[in-house]
Amino acid sequence: MQARPIRFLHRQQTVSLPEVEPTRTVLEWLREDAGCTGTKEGCGEGDCGACCVVVAELEGPAGAERVRWRSINSCIRFVSSLDGCALWTVEDLASPQDGLHPAQQAMVDCHGSQCGFCTPGFVMSMFALYQQRVAGAEPQRITREVAQEALSGNLCRCTGYRPIVEATQTMPGYPLRGVDETALLQQLRALRDGDGTGLQAGATLRPRHLQELLALREARPDAQLIAGCTDVGLWVTKQHRRFASTLDVTGVHELQQVIEGPGQLEIGAAVRLSDAYAALVARWPQLRTFANRFAGLPVRESGTLGGNIANGSPIGDSMPLLIALGARVRLQSRRGARELALEDLYLGYRQTAMASDEVLTHVLLPLHPPPGLLQAYKLSKRFDDDISAVCLALAVTLHAGRVQQVRIGVGGMAATAARAPQTEAALQGQAWDEATVRAAMAVLRREFDPLSDMRASAAYRREAASGLLWRFWLESQGIGPLRVEQLTLATLQPAAGGVT
Ligand SMILES: Cc1cc2nc3c(=O)[nH]c(=O)nc-3n(C[C@H](O)[C@H](O)[C@H](O)COP(=O)(O)OP(=O)(O)OC[C@H]3O[C@@H](n4cnc5c(N)ncnc54)[C@H](O)[C@@H]3O)c2cc1C
Ligand code: FES
Ligand code: FES
């Protein structure tokens, strides 16, 4: 790996940064170094979306790449992660010849902005969606659901969301203003091929190949391992921690892939959460709501599945689901590779079995036999963009009315995400009926000793987890609850002539 500057495209030019502090954020670079103050800082922790910018990057196998557009939170992404990408901010959309971009014009026409502080972030999330859905080869309609998902990481305190969602939906009605993707693809390829190797810019290390990563992990134990920085970024912006150097896994080709092999789905640790969950939802569509409730879209577009697992938070969302699915994790170092059941990775609160020279490289999911019933539930104070108080995931296979196989993963119930072996034992081999489930609910209430904290009390967590098991059983009987995501203004409106 050669020492070379960080290089990325901004406004048709190649930006070259030889020396940047490893924890300098994209937002700091934009506002303080590049003088682009259109991008705003609200929370500085990935919650509000005021700082959203759009990155375009190459995706896919060499020779058949395509451009991938993502709206991300610039306040918690380090500037080194832009290496090899193209960057757009709110200042880059309007042009003297063509005027405002459809994302901006639609906001004006739909009255989508009042104080305007959130507007640059909303516009950038809309621009990413525009590039994905409107400017591409096969333009698509923007449904309300699609618009809401695209805006799920953007908060507005004064306008209200209806006009902003409406503006997002009306973008396709304006004269087409797409970026020339053919030219961009060539520019991104030239950038990548010109640089040849991974990045070593000052104290920032961003290898491209697994063997390079493992060698650096061994040789540079001082370097903070980072991925999408949706956890690590907050250590910097909120806890004011600084790292002398960083070792970024997200450029490593072997960790960026989702591979479906015979009987197994293999997800690279550096696969972004949006793509990892897309792969899970493609196989198990009933997980869509759960997947969409992981943070907001800009966090899912930066954060990785490996980062979620390695961070080891007891309230991380992926782990209960992956445990229920029987996931194994692969850890690698220069000494070799080993695999273990995901639940065995965790030794205690934020402690894992990973050695200091190891890296989490892949998550392995068995595909056969598929569970007959599968669901994951998340309870949080806010429906969108919030972290779980309690999470429960269940995979159950029935045979002749009895539980043939069961795996349960829980979050928020112990110091780590965990499997629930006692509750599983209460169900295993039993008739799948109300009496069995009621008995298992009692076991689940006793099996864990959860914390009381700002998200929920221990008593609430016990009751809620057992209630989710009950809900799972009811759903398996065809008795679905009213789902909050299915409520729309139309369903809430009283019938004509009814009481108002
Ligand atoms: C606004 C907001 C909302 C969020 N909402 C949710 C939510 O709803 N549910 C949820 O579960 N989480 C949530 N998170 C937390 C975070 O997004 C996830 O934990 C995310 O998956 C972390 O991945 P990352 O790639 O950003 O990891 P990073 O922040 O880069 O790293 C996290 C940790 O993992 C280690 N690490 C990363 N990759 C590897 C690897 N390959 N091998 C070994 N160690 C590695 C790093 O060293 C670090 O210790 C939220 C965060 C924010 C900012
Ligand atoms: S400033 Fe709030 S998400 Fe970045
Ligand atoms: S317009 Fe004021 S916060 Fe959205």
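Me: In this predicted model, how close do the axes of helix α16 and helix α17 come, and at what angle do they cross?

Reply: Helix α16 covers residues 434-447 and helix α17 covers residues 458-476, and their axes come within 9 Å and cross at roughly 160 degrees.

Me: How should I read that angle for α16 and α17, as roughly parallel or roughly antiparallel?

Reply: Angles over 145 degrees count as roughly antiparallel, and therefore α16 and α17 are described as roughly antiparallel to each other.

Me: Which residues of α16 and α17 meet?

Reply: On the α16 side the contacts involve Glu-434, Val-437, Arg-438, Ala-440, Met-441, Leu-444 and Arg-445, and these meet Arg-462, Glu-463, Ala-465, Ser-466, Leu-469, Trp-470 and Trp-473 of α17.

Me: How is the protein divided into domains?

Reply: The division gives domain 1 (6-91 + 181-248), domain 2 (102-173), domain 3 (254-366) and domain 4 (375-481). The C-alpha centres of domain 1 and domain 4 lie 39 Å apart.

Me: Which residues touch the most other members of the largest nonpolar core?

Reply: A nonpolar core is read as a set of buried residues joined through side-chain atoms within 4.5 Å. Here the largest one has 42 residues, of which Ile-267, Leu-280, Ile-309, Leu-321 and Leu-342 touch the most other members. At least three residues of this core come from each of domain 3 (254-366) and domain 4 (375-481). Apart from it lies another core of 38 residues, including Leu-9, Val-54, Met-126 and Tyr-130.

Me: What does Leu-342 touch, leaving aside residues up to four places away in sequence?

Reply: With those set aside, Leu-342 touches Ile-309, Met-319, Leu-322, Ile-323, Ala-327, Arg-328 and Val-329.

Definitions and conventions. Residues are numbered from 1 along each chain as its sequence is written. Chains are lettered from A and ligands numbered from 1 in the order in which they are written. This is a predicted model: local features need pLDDT of at least 70, side-chain atom pairs count only at pLDDT 80 or more; totals for chains, interfaces and linings use all residues. Side-chain values use heavy atoms; hydrogens and water are left out. Buried means under 20% relative accessible area, exposed over 50%, partly exposed in between (1.4 Å probe, protein chains only). Domain bounds come from an automatic or database domain assignment. Contact means heavy atoms within 4.5 Å. Axes are lines fitted to C-alpha atoms, for helices over the stretch in contact, and angles run from 0 to 180 degrees between N-to-C directions. Helices (H or I, at least four residues) and strands (E, at least two) are DSSP runs, numbered from the N terminus. Angles under 35 degrees count as roughly parallel, over 145 as roughly antiparallel, 65 to 115 as roughly perpendicular and the rest as oblique.
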